[in-house]
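Dear colleague,

I am passing on the structure we spoke about, and below it you will find some notes on what turned up when I went through it. Please read them with the structure open beside you.

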Amino acid sequence: YQRRVHGQQPYGYMQGRPARYYGAPYPPRQHDIYAGSLCVKVKPLNPEVTEQMLIESFSKFGTVDSAAVISREGSSYGYVNFTDANAAAAASRSAIIIAGAPAQINLARMRKPHQEVEPETGNGVGLFNIPLEMSQEELDQMMSAYPGFLAPCNMIRWPDSGRFKGYCFAYFDTIENATFARNSLQGLTIGENHVDVKFANKKTV
């Protein structure tokens with residue numbers, strides 16, 4: 001008995017005649033799994049790539065609904081959500097260079113930008129989508145402009161490498177001062193990053 005592959009189906013030869021082999025089916029191809037998806041995954045990305053850069057780079061394929069940049073230990077990748085499946089399919093078949101580096105593009109499940117549930121109020125604020133290169137000193141200096149700031153900012157880092165994850169929490173002596181800072185920071189942009197500012201309801205030790 002000899003197993004061979006004939007087209008897309010496995011066949012064997014038994015007693016001189018071809019016989020279909022009923023083994024494990026072929027795994028579906030990536031484009032078959034996500035056919036009709038509105039989303040593409042883009043990898044790898046340079047650390048300086050922002051959600052806005054993804055939107056601008058992929059808008060030539062069609063209307064972009066949203067984009068998200070994900071930073072994991074030692075690497076970054078992104079998701080781009082279109083409003084039309086044909087645009088996503090066209091993007092997945094294309095070669096593109098982002099921030100000077102080629103990126104691999106595949107159809108994927110739809111992902112939305114990272115969002116945190118905001119408490120109604122609190123004695124602190126969370127700042128999300130901060131540039132990864134910002135330092136502790138720079139963040140503390142920025143927040144010290146607001147009354148009642150309790151330095152330092154709590155920068156959230158990867159436990160193994162100590163690399164900044166891109167968000168932090170700043171706490172204040174009163175809820176009133178935290179509210180003032182949160183309202184004043186709405187619309188904050190650092191470099192090309194639009195920073196999302198929300199209440200934080202307690203100090204993390």
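The count of disulfides comes to zero, and since this is a predicted model, that count, like everything below, describes the model. A disulfide is a covalent bond between the sulfur atoms of two cysteines. Cys153 is in no disulfide, and the nearest cysteine sulfur, which belongs to Cys168, is 4.6 Å away, whereas a pair counts as a disulfide only when the sulfur atoms are within 2.5 Å. Cys153 is also buried, because its relative accessible area is 3%, and Cys39 counts as buried too, because its relative accessibility is 0%.

On the surface, there is a patch of negative charge in which Glu48, Glu133, Glu137 and Glu138 gather. One of these residues, Glu137, is found in helix H4, which covers residues 136–143, and Glu137 counts as exposed because its relative accessibility is 63%, where the cut-off for exposed is over 50%.

The loop between H4 and strand E10 (149–157) is where Ser144 lies. With a relative accessible area of 48%, Ser144 is classed as partly exposed, since that label is given to values in between the buried limit of under 20% and the exposed limit of over 50%. Ser144 and Ala170 are 26 residues apart along the chain, and their C-alpha atoms are separated by 9.9 Å.

Note on methods
Residues are numbered from 1 along each chain as its sequence is written. This is a predicted model: local features need pLDDT of at least 70, side-chain atom pairs count only at pLDDT 80 or more; totals for chains, interfaces and linings use all residues. Side-chain values use heavy atoms; hydrogens and water are left out. Patches are made of residues with over 30% relative accessible area and no salt bridge: like charges are joined within 9 Å, nonpolar side chains (Val, Leu, Ile, Met, Phe, Trp, Tyr) within 5 Å. Accessible areas come from the Shrake-Rupley method with a 1.4 Å probe; for residues, only the protein chains shown count as cover. A salt bridge is a side-chain nitrogen of Lys or Arg within 4 Å of a carboxyl oxygen of Asp or Glu. Lys and Arg count as positive and Asp and Glu as negative; His and the chain ends are not counted. The place of a charge is taken as NZ of Lys, CZ of Arg, CG of Asp or CD of Glu. Helices (H or I, at least four residues) and strands (E, at least two) are DSSP runs, numbered from the N terminus. Buried means under 20% relative accessible area, exposed over 50%, partly exposed in between (1.4 Å probe, protein chains only).
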